[in-house]
Amino acid sequence: MSRGSYQGRFLRVNLTTGNFKAEIIPEEVMLNYVGGRGFGVKYLYDEMTPRIDPLSPQNKLLLLTGPLCGTAASGCSKWIVVTKSPATGGFFRSIGGGKWGPKLKSAGYDFIILEGKAEKPSYLYIEDNQVEVLDADWLWGLDTEETQERIRKRHGEKTQSVCIGPAGEKQVLYAAIVSDRRTASRGGVGTVMGSKNLKAIAVNGSGKTDIFYSEKFRELVRHQIKIVKASPLWELLKERGIACSVKKHYHDRSQSPVRNFRETVFEGIEKLFPEEYYKFKIKSYACWGCMTQCGKIRKVEDGPYKGAISDGPEYEGGAVLGPLIGNSDISFTIAGDALCDLLGIDVISTGVCIAFACELYERGIITKEDTDGLDLTWGNHPAFYTLIEKIGKRDGFGKLLGEGVMRAAKQIGKGAERYAMHVKGIELPAYEPRAIKGYALSYAISNIGGSHMYARPFAEVNLDVDPASEDLWKSEEIIKEQKRIAIWDCALICPFAQAGIQPFGNESEALHFKLLAAATGFEQFSNYDYLAKVAERVITLERAFNI
Ligand code: SF4
């Protein structure tokens, strides 16, 4: 039953049979798991045999919203994917943005569970209580932008979709699920969707999201706007996007990796500074209802990548398509980022795979005979652009790299494993764990491998502490951050949107917990200790799923 901002039901679709049903979310589940990642792991754990093949019809794919999704709270309307990952073989979660989450809520569902496998390429169309598994022959093979565009033409301009690109169809192991240009990209969630022959989930809805204590909620939203606007970070994110962090990482503490994590100083870094990216900006982009609008749409106006348009790159994309592969050509980072989104591949894994290949090439472990004739010298961006296309289409050498560095290294042999930068099969994000020591511990104990958003050592990343401090190593700090991010992932509060949310336990964070309580009517949600218990439950269940 609906309760406040919860629709109180989810949609279960069996793609093998085409059957579907709406099921009630018990109040006890809301209280114990809050939403998003919490709901995801609860249902995954309860319903799935952990030992199944992630790319078999027995795997389940869950797309979920949080309790604040579709409300007036700014930056709380993203969606999350939960499944068994083909990259790690364990529980995984990946978060996407855009406007799809509120649309799903307006159709009357808090989340979807997808089971089985469609007999042929299909897409799911949802319009309130009407649910259909439809033929996707006319969409198969299209990139993610064209797919969404054609769906809008058929089902109406207001239709919101999540979809996979050619990479998901062809089972690249780090394929993404994309909505607008926003991606749930890590862990192969798009690969799982492709394994089900599912190209897209298109949604229209006519409902609305209620609020339990509406007057109180309105007052809190007004306060949220004030707090976010007062944050010095907000203007920066709004104007420059997440690329604004590049300068800090490189120059203050050499925290970003260079040339496959071999070095930390890059000679061409000033060409990739935020002010350079700013010159390419044509407009901003926001997920639904977000006043921070961190998305920066950039266009390349001349040179070999003329015409490329990307919602990015953000910090990670710029770093892995830049210094990590020895490249200082800013246009390539924009065009390469756009290409990853269109093909539907994770930009972090793509960049790390290219860096891995460059190092093997330099060391003579692979040659042009292995790379389809591509010269993979550091910084040779025209070759990298071709390689991204090959990865996304699983063509030639790209097919091998599309397996991710862990598996590719095993196939190559000759000591290649030494240069494969991953934790538990997930390519490392653009933080140098030898400089940001908290990340070393975070990756090692994470339930999803090398993710920078599972437990983020904020104090270290934000340069608020002395890097030599022993405190950085304290497991308590990382456990605290694991819980904090788990709470955000259950509530689906975007950490970038809440510019004033740091440091831990500040006014902004407390305000968001009050928003949760006012929207749902569960007073418990305004209490950090209660939510920390929820987080512990979620993290423990993930671990239990993995063992
Ligand atoms: S800050 Fe950026 S990622 Fe977060 S909700 Fe806003 S637009 Fe989306």
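**Ground rules.** I number residues from 1 along each chain as its sequence is written. The model is predicted, so local features need pLDDT of at least 70 and side-chain atom pairs count only at pLDDT 80 or more, while totals for chains, interfaces and linings use all residues, and side-chain values use heavy atoms, with hydrogens and water left out.

**Entry 1: the domains.** I looked up the division and found domain 1 (9–204) and domain 2 (239–427). These bounds come from an automatic or database domain assignment. Their C-alpha centres lie 26 Å apart. Domain 1 gives 36 residues to the contact and domain 2 gives 38 residues; contact means heavy atoms within 4.5 Å.

**Entry 2: the buried area.** I read about 2800 Å² buried between domain 1 and domain 2, with 54% from carbon and sulfur atoms. Buried area is the accessible area (1.4 Å probe) that two parts lose on being put together, summed over both.

**Entry 3: charges across the gap.** I found 2 salt bridges between domain 1 and domain 2. A salt bridge puts a side-chain nitrogen of Lys or Arg within 4 Å of a carboxyl oxygen of Asp or Glu. I also noted that D311 and R182 form a salt bridge through their side chains, at 2.9 Å, N to O.

**Entry 4: S349.** Is S349 buried or exposed? S349 is buried, with a relative accessible area of 3%; buried means under 20%, exposed over 50%, partly exposed in between (1.4 Å probe, protein chains only). Leaving out residues up to four places away in sequence, S349 touches Y174, R186 and E427.
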